[in-house]
Amino acid sequence: MRRRIGVLFVLLLFGMSGCGFKDIDKRFFVVAIGIDQGKEKQYKISLKLAIPRHRIEPGHAAFQIISQEADTISEALELMNSNVDKELDLGHSKIFIIGRNLANDEILTTTDWIFRGSEVQRIEYMALANPSAEEILEVSPRSERVPADSLILSFGHEKIGSSLAVTEYLYDFYNRMFEMGKDPFLPIISKKGKSFEVNQVALFNKKELKLVTQPGQTELFSQLVRKPSNFVVSVKKDHLRYSLLIQSFTYRYQIQTPKQQTPILQMDIKVRGRIQEANQALFDKNWGELERIAEKNIENRYKNLLESIQKHQIDPIGFGLHYMARNHYGKKEWELWQEIYSKMRFNITVDLEIESTGIIK
């Protein structure tokens, strides 16, 4: 009896289908997805498809860009799927790029499909394109070995750290879209000749783009969001110029709300580093004076950035979330925080320690 059951089980296995499995040669692997504003329809979707090669060499990354306009992203993908000879596999996509024109509309509407898509992993990088996502996808630097590899590595941890590199993941962007007290942001990828650069950040409220940082502001914003190490700070006073290589960076802050007084955000920053470059010999100088000059310089930079962000009524650092987690006033706490934030004064204190002037005497 057992033998008959075993034979029947084997026959059933042979009769089963492959559960929809498709061989690699019958699939197109989508490595990057671009979303732009269409000319005739609402959206123009661009996909960067990787073409497998038997040899991987710099400057020989094989890819294909296909685009389609439609009123919805789902419709555009369905139309593109019917126009190629293989199935589009979105499961290997590593980055979503949104065109700058769409950032001026409601960003939540644009990203609705991204948040809902069943093939989306939620760990993809998110970025804003200047001028368009399609143009950024077409860029293929000579050093690129795998399609879209240069884009992905620019935001990944494998790259040597840059103080201008701001990384945003899909899951974090989604949380910021709905979390009260913490607004979303996206790094901006700009086309530069046959390559691209990433040195600006777009700051949003829950609906639209409000502020684009300049490279100097981007560096400061990255420090507050990522708390990196090994970044350079340039200091100037009169004829003295020197650069500090910061090897340790930490900060903490408190939100003070004294009754009938202006609310204050007290931020204490501790940095430690060494002088990497100077226009004059500093070994015999008063290091304490050098530290005080740099501290004042850094304090003003952070204060100007935070005041600029406050002016546009956005909060990408998450001060509001911090406040509401420690002060519970029921349904009124969000309205109370908005009133506090609009009047808040920033008090920045920097404690800098210079370990070395970079030379031996």
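Reader: Among contacts in the protein chain between residues at least 6 apart in sequence, what share joins residues at least 24 apart?

Author: That share is 67%. The model is a predicted one, and its protein chain holds 12 helices and 13 strands.

Reader: How much of the protein chain is made up of buried residues?

Author: Of the 361 residues in the protein chain, 45% are buried. The accessible surface of the chain comes to about 20500 Å², and carbon and sulfur atoms account for 49% of that surface.

Reader: Why is Ser93 called buried?

Author: The relative accessible area of Ser93 is 1%. Buried means under 20%, so Ser93 counts as buried.

Reader: Where is Ser93 placed, and which residues does Ser93 touch?

Author: Ser93 sits in the loop between β4 (87–89) and β5 (95–99). Leaving out residues up to four places away in sequence, Ser93 touches Val30, Val31, Ala32, Ile33, Gln121 and Glu124.

Reader: Why is Val198 called partly exposed?

Author: Val198 has a relative accessibility of 21%. Buried means under 20% and exposed means over 50%, with partly exposed in between. The value for Val198 is 21%, so Val198 counts as partly exposed.

Reader: Which strand holds Val198, and what is Val198 in contact with?

Author: Val198 belongs to strand β8 (residues 195–204). With neighbours within four places in sequence set aside, Val198 is in contact with Phe155, Leu164, Pro187, Ile188 and Ile189.

Reader: How far apart are Val198 and Leu128 in sequence and in space?

Author: In sequence, Val198 and Leu128 are 70 residues apart. In space, they are 9.9 Å apart, taken from C-alpha to C-alpha.

Reader: At what angle do helix α11 and helix α12 pack, and what does that make α11 in relation to α12?

Author: Helix α11 (residues 319–326) and helix α12 (residues 333–343) pack at an angle of about 130 degrees, and their axes are 10 Å apart. The crossing of α11 past α12 is right-handed.

Reader: Which residues of α11 and α12 meet, and how do the residues of the contact divide?

Author: From α11, Phe319, Gly320, Tyr323 and Met324 meet Glu333, Trp334, Leu336, Trp337, Ile340 and Tyr341 of α12. The residues of this contact divide into 8 nonpolar, 1 polar and 1 charged.

Note on methods. Residues numbered from 1 in each chain as written. Predicted model: local features only at pLDDT ≥ 70, side-chain atom pairs only at ≥ 80, totals over all residues. Heavy atoms only, no water. Axes fitted to C-alpha atoms, helices over the stretch in contact; angles between N-to-C directions. Helix = DSSP H or I, 4+ residues; strand = E, 2+ residues; numbered from the N terminus. Left-handed = near helix turned anticlockwise from the far one by under 90°. Contact = heavy atoms within 4.5 Å. Nonpolar A, V, L, I, M, F, W, Y, C, P; charged D, E, K, R; others polar. Buried < 20%, exposed > 50% of the residue type's maximum accessible area, 1.4 Å probe, protein only. Areas by Shrake-Rupley, 256 points an atom, 1.4 Å probe, with all protein chains shown as cover.
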